[in-house]
Amino acid sequence: MKINKMLSTAAALTAFVIATPVLADEDAELVINGEIEIVTKTAAPAHLDGHLSEIMSGWRFRSDDTQAMEMDDFDNPGMLGAEAGFEQFETVMGSEGKSCMDCHDGVESLANVRPTYPKWNDDKEQVYTIQMQINDCLTERMGADAQKYDNSTMLNFEAALASVSRGMPVNVAIDGPAQSTWEQGKEMYYTRYGQLDLSCANCHEQNYGNMIRADHLSQGQINAFPAYRLKNAQLNGAHSRFKGCIRDTRGETFNAGSPEFVALELYVASRGNGLSVEGPSVRN
């Protein structure tokens, strides 16, 4: 039985992955607008010992043209979402007649938010993502309707928050009360899904740098989310990407904002500890 499972996995990978270990440009460095230096390659955090020795942003696995789009805000279509997010931040929403500005001194004052999320929320006694925190502000402080997870309004807010944090190191806490959720996310990362019997690790840990169909497999880091994908010409959230990956295994997936994906986001975010916040990024 175990041998049959190994053969099935090998066949699935062979069908989709062509060994091409050379990266798009291993020496490429990302500097945005000629001034924001982005760490796209660094030593792996200690909790990845035995799995990865170094971590790399997905930017390093993209084509020269796609890389160049992210190097200038005027060429980065994801910045349109960030600009919309800045406007939303100043817009009165809900029954309380408040905007985000009534509690915060501009988006720039929240530059420390994106690098540390997801994180444990003491009041709610659970791990919170940025989008969960934004919805709490909208509903509990502003009297506005909650936004659907990964919808355009929510992703615009997230893009604005990410944009003011660019260059800051990802520093997601995985100890204390968040540890059990982190462990759940780790288990998911190594769990095989779907008819193709593949886990996140099969592609993004064991085969990064190789080609899957016409795409250059990255490590699946999420330091650059939300990401503007050229494939669908819009900003995409990490949970939507998780959902798409599980669907690609031909398996039943979870919903964006589900407890399962919150746990997976915490674990995957922690795999990028030390890389720079990079979003909104540009991807294929």
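I take helices (H or I, at least four residues) and strands (E, at least two) as DSSP runs, numbered from the N terminus. The model is predicted, so I use local features only at pLDDT of at least 70 and side-chain atom pairs only at pLDDT 80 or more, while totals for chains, interfaces and linings use all residues. Residues are numbered from 1 along each chain as its sequence is written, and side-chain values use heavy atoms, with hydrogens and water left out.

**Helix 8**

I looked first past the end of this helix. Arg-250 follows helix 8 and has a positive phi, near 65 degrees. Within helix 8 (residues 238-248), I found Ala-238, His-239, Phe-242, Gly-244 and Ile-246 buried (under 20% relative accessible area; exposed is over 50%, partly exposed in between; 1.4 Å probe, protein chains only). These buried residues pack against strand 11 and helix 9, with contact meaning heavy atoms within 4.5 Å.

**Helix 3**

I checked the length of helix 3 (residues 78-89). Its twelve residues reach 17 Å from first C-alpha to last, close to the 16 Å expected at 1.5 Å a residue; the expected span is 1.5 Å times one less than the number of residues.

Which residues of helix 3 are buried? I list Gly-78, Met-79, Gly-81, Ala-82, Gly-85, Gln-88 and Phe-89. Seen down the axis, they fall within an arc of 160 degrees, so they line one face of helix 3. The arc is taken from the directions from the helix axis to the C-beta atoms. Leu-80 and Glu-87 are exposed on the face turned away from the buried side. The buried residues pack against helix 5, strand 10 (227-229) and strand 11 (234-236).

**Helix 3 with helix 5**

I then took the pair. The axes of helix 3 and helix 5 (residues 152-163) come within 7 Å and cross at roughly 100 degrees. Axes are lines fitted to C-alpha atoms, for helices over the stretch in contact, and angles run from 0 to 180 degrees between N-to-C directions. Helix 3 is therefore roughly perpendicular to helix 5 (65 to 115 degrees; under 35 is roughly parallel, over 145 roughly antiparallel, the rest oblique). The contact has eight nonpolar, six polar and no charged residues. Ala, Val, Leu, Ile, Met, Phe, Trp, Tyr, Cys and Pro count as nonpolar, Asp, Glu, Lys and Arg as charged, and the others, Gly among them, as polar.

**Helix 6 with helix 9**

The axes of helix 6 (residues 179-189) and helix 9 (residues 259-271) come within 7 Å and cross at roughly 90 degrees. I note ten nonpolar, four polar and three charged residues in this contact.
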